[in-house]
Amino acid sequence: MILGIDVGGTHTDAVLIDHTGVLKKTKVPTDDGNLLSSLLAVTSALADGDMTGRMERVVLSSTLSTNAIVQNRVDRVGMMVISGPGIAPSALNIPQDTHFLSGYVNHRGAQVLDIDPAEAAQVCHRFRAEGIGQVGIVGKFSPRNPGHELRLKAMVEPGVRHVTVGHRLSGHLNFPRRIATAYLNEAVWNRYSGFVREVLRFIRERTPGIPVYILKADGGTFDIGQSLEFPVQTILSGPAASIMGILALTNCSTDAIALDIGGTTTDISLFADGVPLFEPIGVTIEGHQTLIRGLRTASIGIGGDSAVRVRSGLLTIGPEREGPAAAFGGPLPTPTDAMVVLGLAAVGDPVRAAAALRPVSSALACPVEQAAEMIYRETCRRIAARIRDVIGEINDRPVYTIHEMLQDRRISPRHLYVVGGPAGSMAAELGRLLGCEPHIPEHAEVANAVGAALARTTVETTLLADTERGLLTVSEEGYQTRIPPRFSAADAIRIGTDRLVEKALRMGTDPADTEIEVVEVQEFNMVRGFMTTGKNIRVKLQIKPGSIAGYSVGGAPC
């Protein structure tokens, strides 16, 4: 039995699932000031003493890291950057409190210039003097030789709370993205670690001995205790949960649009032949381009609880949310109130909803029902327009799914999947506007919690072999070992597979869920003096994103 919990910005949803499907589900308002009260409410509603004795795991998805970045509720971070030659610091999008240090490792991982210990000590002293408690350390080619990063970490670590070293974040070499990712990891670390400690204390008091996981941006999970090292992996966890929920609740095998309509925003994603689209290098959040691999999503600041106003005679909807819908005692009219007045949603108090819409109808010089119709149509129209823009943006770029790049492929959706609270009220109109057949999966109102509950643990690893130097590097682990001159790509895949399985099992993966795929294989000859002196081999492997073995709650194929 699995308990899945999605801590959203508006609601906290939870489901209890066993091998037969969804047993129980619940939804409560999220208390931003006390997230544990929301967790207490949903777990109390779902898990009695008998059930906790049969619980296999608890899985959460959370908007905490995302909201901290979006709302700029982040900590000051000291950055130590070893850029070497070839790129001017002014060309990098660097955060405040960044210090550039001497030292250089070349593209093959060979040290060209050592770091200056006195220079590094001076920066460490400055961080301590200014009370900077979180530090990111990034070298340009650190995935191929992490030595400089590790030495700097040893120097700075005694005087700060936490340190991120860039080579642990990804095997990709993109230097600006690595800087941004290390910065964000430290910027949210303090807030996130406090949340995790409270969650673990709460869960262990109620269900001792049960493993707890959290969802990442790529739609996979990892042990919540291990997530303390890499909280940046949990950005965009909420949108990923909705995609994984739709995957679990349907059996679609065509191009499709997936919508999660929440109280504040609507999250948009696309499927190609039933497979979610993917950001292969990294997601972007608030202008920060990262190395966090993730499911491709887009958002619009319109949801069921978006504030509705009339300004200069024009109807505006969102992006602000000032509280719940007026039908539930909120201060302003919302699209939910419009749907209540129109009879499209049987929730809340219809009298309150109508009363909230009267100032809008007066400003627009029309009856309340007509104002409600205008709000409803405009809400759907704006969401549909954003979806069309997203489809256009995707079709102008290479299309990647969670498994592969699709060559010369254009997305042409004919099916629309809608989840979230307002799904039943809006799916038909959105389908009409988009020319798609609308589908509302069973348990659509708690799809995010279902997606979190059933997501398998995902992990990736990158191996770099230099046969001329006789060296193999496992980038994300900072591991290096000697290899023979005749080392091949097949050898790298074999070693990478063994290490990936070991890593996945350490992260809590069930052996039945270690389905590995080779994402990338590159092999180049190295030539000196018109002679081949060795090979440069790069291999990337991953545990496939997907649902865990033995559980199925899917619906009929489209």
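This is a predicted model: local features need pLDDT of at least 70, side-chain atom pairs count only at pLDDT 80 or more; totals for chains, interfaces and linings use all residues.
Trainee: How many bridges pair strand S9 (residues 134–139) with S10, and are the two parallel or antiparallel?
Mentor: S9 and S10 pair over four bridges, in the parallel sense. Two strands pair if DSSP finds at least two bridges between them. The numbering runs from the N terminus over DSSP runs: H or I of at least four residues for helices, E of at least two for strands.

Trainee: Which residue in S10 stands opposite Val135?
Mentor: That place is taken by Val163. Helix H5 (residues 147–156) packs on the sheet here, touching strand S5 (77–82), S9 and S10. The direction of H5 makes about 160 degrees with that of S9. Contact means heavy atoms within 4.5 Å. Axes are lines fitted to C-alpha atoms (for helices, over the stretch in contact), with angles from 0 to 180 degrees between N-to-C directions.

Trainee: Thanks! What's the strand order in the open sheet of four strands?
Mentor: The order is S6-S5-S9-S10, and the pairing is parallel. Strand S6 (98–100) and strand S10 (162–165) are the edge strands, each pairing on one side only. From one strand to the next, the twist averages 15 degrees.

Trainee: And the open sheet of six strands: what order does that have?
Mentor: There the order is S3-S2-S1-S4-S11-S12, with mixed pairing. Strand S3 (21–29) and strand S12 (221–223) stand at the edges with a single partner strand each, so one side of each has no neighbour in the sheet. The twist in this sheet averages 20 degrees from one strand to the next.

Trainee: How many bridges join strand S4 to strand S11?
Mentor: Three bridges join S4 (residues 57–62) to S11 (residues 212–215), and the two strands run parallel. Across that pair, Val59 stands opposite Tyr213 in S11.

Trainee: Which helix lies across S4 and S11?
Mentor: Helix H7 (residues 189–206) does, running at about 150 degrees to S4. Helix H8 (residues 237–249) also packs on the sheet, touching strand S1 (2–7), S4 and S11, and the direction of H8 makes about 120 degrees with that of S4.

Trainee: New topic: which residues in H1 are buried?
Mentor: Leu35, Leu36, Ser38, Leu39, Val42, Thr43 and Leu46 are. These residues lie on the same side of H1, because they cover an arc of only 155 degrees around the axis. Buried means under 20% relative accessible area, exposed over 50%, and partly exposed in between (1.4 Å probe, protein chains only). The arc is that of the directions from the helix axis to the C-beta atoms.

Trainee: What about strand S27: how many of its residues are buried?
Mentor: Seven of the seven residues of S27 (residues 460–466) are buried, so this strand is largely enclosed by the rest of the structure. Both faces are covered, with Glu460, Thr462, Leu464 and Asp466 on one side and Thr461, Leu463 and Ala465 on the other.

Trainee: Which residue in S31 is the bridge partner of Asp466?
Mentor: The partner is Asn536. Seven bridges join S27 to strand S31 (residues 531–543), and they run antiparallel. S27 is also joined antiparallel to strand S28 (residues 471–474), by four bridges; in S28, Thr473 is the partner of Leu464. The hairpin of S27 and S28 has four residues between the strands, and Gly470 takes a positive phi near 70 degrees there.

Trainee: Where does Glu286 lie?
Mentor: Glu286 sits in the loop between strand S17 (284–285) and strand S18 (288–289). Its phi is near 50 degrees, a positive value in a residue other than glycine. Glu286 counts as exposed because its relative accessibility is 51%.

Trainee: Last one: is the peptide bond from Gly318 to Pro319 cis or trans?
Mentor: That bond is cis, with omega near 0 degrees. You'll find Pro319 in the loop between S22 and helix H9 (335–341).

Definitions and conventions:
Residues are numbered from 1 along each chain as its sequence is written. Side-chain values use heavy atoms; hydrogens and water are left out.
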